[in-house]
Amino acid sequence: MQANAPDPALLSGNGHQRVAWLRSFASDLKAMNPKLQQGVIAGLAGTAAMTLMMMMAPMMGMPKMSAAGMLSMMMGVPMAVGWLMHFMIGTVFALAYALFFMQLLQRIVSPFTRGAVFGLAVFAFAQVMMALMGAMLGG
């Protein structure tokens with residue numbers, strides 16, 4: 001099954017068209033395999049929570065971080081595309097966990113340790129990808 005892609009005309013269309021597309025997308029999401037559905041929802045929720053923490057980091061004395069800003073700057077695209085990529089990456093990591101890593105990590109009894117191991121794997125993957133992107137873009 002393929003999710004309905006938004007029609008470019010929706011960006012300039014009226015609100016009714018946008019609402020109709022969102023309803024169609026929601027029905028596609030409901031028809032998904034439950035594991036996929038949970039992965040998408042978890043990815044969006046987890047990325048939103050992480051993004052909020054990143055936005056609050058300067059209030060806690062940590063440096064300002066903007067994953068969407070870094071992505072848009074590295075790829076030379078508008079900030080909106082950076083935000084889209086940020087949430088897509090978070091969703092892909094959640095789906096990877098739900099579909100592949102959960103089976104591998106079931107041997108680890110502690111949920112905390114299981115989450116830490118997966119988190120470290122995501123961190124290592126992100127570091128490799130950032131290095132590759134930097135090398136490809138001449139940074």
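Biologist: How many aromatic pairs are there?
Modeller: Rings of Phe, Tyr and Trp (its six-membered ring) pair if their centres lie within 6.5 Å. Planes under 30 degrees apart count as stacked, over 60 as edge-to-face, and the rest as tilted. By this rule there are four aromatic pairs. One of them is Trp83 with Phe87: the ring centres are 6.5 Å apart and the planes stand at 35°, so this pair is tilted.

Biologist: What kind of model is this?
Modeller: This is a predicted model, where local features need pLDDT of at least 70 and side-chain atom pairs count only at pLDDT 80 or more, while totals for chains, interfaces and linings use all residues. Residues are numbered from 1 along each chain as its sequence is written, and side-chain values use heavy atoms, leaving out hydrogens and water.

Biologist: What about Phe93 and Phe125?
Modeller: Those two form an edge-to-face pair, 5.7 Å centre to centre with 90° between the planes. The pair links distant parts of the chain. Phe93 is in helix 5 and Phe125 in helix 6 (residues 111-136), 32 residues apart. Phe125 is partly exposed, with a relative accessible area of 44%.

Biologist: Which residues do ring pairs link into a cluster?
Modeller: Tyr97, Phe101 and Phe118.

Biologist: New topic. How many helices and strands does the protein have?
Modeller: Six helices and zero strands. From the N terminus, the order reads α-α-α-α-α-α.

Biologist: How much of it is buried?
Modeller: Of its 139 residues, 22% count as buried. The accessible surface is about 9,900 Å², and 74% of that belongs to carbon and sulfur atoms. Such areas come from the Shrake-Rupley method with a 1.4 Å probe; for residues, only the protein chains shown count as cover.

Biologist: Let's look inside. Where is Thr47, and is it buried or exposed?
Modeller: Thr47 sits in helix 3, residues 34-56. Thr47 is buried, at 5% relative accessible area.

Biologist: What does its side chain reach?
Modeller: The side chain of Thr47 reaches the backbone oxygen of Gly43 at 2.7 Å. For a polar contact, two N or O atoms must lie within 3.5 Å; within protein, one must be able to donate a hydrogen and the other to accept it, and residues adjacent in sequence count only if both atoms are side-chain atoms.

Biologist: Which residues does Thr47 contact beyond its sequence neighbours?
Modeller: Setting aside those within four places, Thr47 is in contact (heavy atoms within 4.5 Å) with His86, Phe87, Gly90 and Thr91.

Biologist: And Gly43, buried or exposed?
Modeller: Gly43 is buried, at 2% relative accessibility. It is in helix 3 as well. With neighbours within four places left out, Gly43 is in contact with Gly90, Thr91 and Ala94.

Biologist: Which residues of helix 4 are buried?
Modeller: Ala67, Ala68, Gly69, Leu71, Ser72 and Met74. Their cover includes helix 3, helix 5 and helix 6.

Biologist: What does the side chain of Ser72 have 3.1 Å away?
Modeller: The backbone oxygen of Gly69 lies 3.1 Å from a polar atom of that side chain. Ser72 is buried, with a relative accessible area of 10%. Not counting residues up to four places away, Ser72 touches Val77, Pro78, Met79 and Gly82.

Biologist: What comes just after helix 4?
Modeller: Gly76, with a positive phi of about 65°.

Biologist: Last one. Where is Met62, and how exposed is it?
Modeller: Met62 is in the loop between helix 3 and helix 4 (67-75). At 44% relative accessibility, Met62 counts as partly exposed.

Terms used:
Helices (H or I, at least four residues) and strands (E, at least two) are DSSP runs, numbered from the N terminus. Buried means under 20% relative accessible area, exposed over 50%, partly exposed in between (1.4 Å probe, protein chains only).
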